[in-house]
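This briefing goes through one structure by topic, beginning with a term that the later points rely on. Please keep the sequence and the 3D view at hand while reading.

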Amino acid sequence: MKSELCFSETPAVSITITQAMAYLFCPRFTYFEECLGIPEHEETRFKVLMGREVHARKIKINPDYLRKRINVVRKAVSVYLASPTLQLRGIVDEVLWLADGTLAPLEYKFAEYRPFVFGTHRTQLCLQALLISEAFAAPVTRGYLVYVRSKNFLREVPFRPNDFHTARRAVQEVLRIIQSGRFPRQRGTAAQCADCCYRNLCV
Amino acid sequence: MLVWVVYDIEKNPVRSKVAKACLNAGIYRVQKSVFLGELNATQVDELALRIKHLIDEQRDSVYIFPMCREDFGHVRLLGQAFDKELVTDEVRALFL
């Protein structure tokens, strides 16, 4: 007899945007952290601590400031969003209401400006965009990154249709690894592996 | 990459903290205010940020020099030499 699952009664499992970003860094990161429960100990990384400090400061300083240059008409800071349908939750540094009627996520990065956008940063903005779009029922066509270590350089990141597909797939993959407990293939480059906190465990 | 960290720091507590940060980053003390060792780009960036956070930028000075292995081969040592193999992480075990 075929068993049928009733998805409407299944409690919604959700992951955080950070978990999805960790998966994009390397799927084994998800395995070590979520399946084996080995903590990352990110609090020991100086840059992480500095980044947290910057986030805390940015939220407090000048909360009414609107970026007129990109036609912001309203903003909300440190917005917690969750969606059972997307199986995703997370905090957006700033949600911007733009003059053209669209919304956009803005993310502060304790990093220096590079002439390209990292895939993890793009996907982070995409996931935030999906949450914003659902929560506020408005279109989200682009996101913004602020590079704190490059004099708060503001960069616009227009979304491509494929970006949302990649972002949704990352969420599903994280859930699949957590639920199946399968040891995934590594994806990191040599430079990433050298800097990974699980390098001594990873085979 | 191989990195030299050379500093001139006025206050003793700050100097100690910078020395400790260098040792914690995994580089070796070759002279009182000179450290040398193998670090990757992220580690160099993190060490630079940490030192910048500690020092008084108006009074102290810290140089972080990256160096390629080819140039390191041309380093000339006069007097007491440091262990070249140790600072390049070629010594994997100190005890057998």
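This is a predicted model: local features need pLDDT of at least 70, side-chain atom pairs count only at pLDDT 80 or more; totals for chains, interfaces and linings use all residues.

A residue is called buried when its relative accessible area is under 20%, exposed when that value is over 50%, and partly exposed in between. By this rule A:R122 is buried, and A:D163 is buried as well.

**Overall form of chain A**

- Chain A contains six helices and six strands, and read from the N terminus its elements follow the order β-α-α-α-β-β-β-α-β-β-α-α.
- The radius of gyration of chain A is 18 Å, which agrees with the value near 17 Å that a compact globule of 203 residues would have, while the C-alpha trace spans about 60 × 45 × 30 Å along its principal axes.
- Buried residues make up 41% of the 203 residues of chain A, and among the contacts with a separation of 6 or more, 66% come from residues 24 or more positions apart.

**Salt bridges within chain A**

- Over all chains the structure holds 19 salt bridges, and one of them joins A:R122 and A:D163, with the closest N and O atoms 3.1 Å apart.
- This pair connects distant parts of the chain, since A:R122 belongs to helix α4 (residues 119-136) and A:D163 to helix α5 (residues 161-180), 41 residues apart.
- A:D100 and A:R142 also meet through their side chains in a salt bridge, at 3.2 Å from N to O; A:D100 sits in the loop between β3 and β4, and A:R142 in strand β5 (residues 142-147), 42 residues apart.
- The accessibility of these two partners is given separately: A:D100 counts as partly exposed because its relative accessibility is 48%, whereas A:R142, at 16%, counts as buried.

**Two positions around strand β4 of chain A**

- A:K109 lies in strand β4 (residues 103-109) and counts as buried because its relative accessibility is 11%.
- The side chain of A:K109 makes a polar contact of 2.6 Å with that of A:Q124, and, leaving aside neighbours within four places in sequence, the residues in contact with A:K109 include A:M21, A:H121, A:Y147 and A:R149.

**A salt bridge within chain B**

- The side chains of B:E90 and B:R69 form a salt bridge at 3.5 Å, N to O; B:E90 lies in the segment after α4 (84-87) and B:R69 in helix α3 (residues 69-73), so the pair ties together parts 21 residues apart in sequence.
- Both partners are partly exposed, B:E90 with a relative accessible area of 46% and B:R69 with one of 44%.

**Interface of chain B and chain A**

- Seven residues of chain B and nine residues of chain A take part in the contact, and the area buried between the chains is about 860 Å², with 52% of it given by carbon and sulfur atoms.
- Of the area that chain B buries against chain A, B:E46, B:L49 and B:H53 supply 52%, more than any other three residues.
- Three salt bridges are found across the interface, and A:R149 forms a salt bridge with B:D45, the closest N and O atoms being 2.7 Å apart.
- The side of chain B that touches chain A has one nonpolar, three polar and three charged residues.

Conventions
Residues are numbered from 1 along each chain as its sequence is written. Chains are lettered from A and ligands numbered from 1 in the order in which they are written. Side-chain values use heavy atoms; hydrogens and water are left out. Contact means heavy atoms within 4.5 Å. Buried area is the accessible area (1.4 Å probe) that two parts lose on being put together, summed over both. A salt bridge is a side-chain nitrogen of Lys or Arg within 4 Å of a carboxyl oxygen of Asp or Glu. Ala, Val, Leu, Ile, Met, Phe, Trp, Tyr, Cys and Pro count as nonpolar, Asp, Glu, Lys and Arg as charged, and the others, Gly among them, as polar. Helices (H or I, at least four residues) and strands (E, at least two) are DSSP runs, numbered from the N terminus. The radius of gyration is taken over C-alpha atoms; the globule rule is 2.2 Å times the number of residues to the power 0.38. Buried means under 20% relative accessible area, exposed over 50%, partly exposed in between (1.4 Å probe, protein chains only). A polar contact is a pair of N or O atoms within 3.5 Å; within protein, one must be able to donate a hydrogen and the other to accept it, and residues adjacent in sequence count only if both atoms are side-chain atoms.
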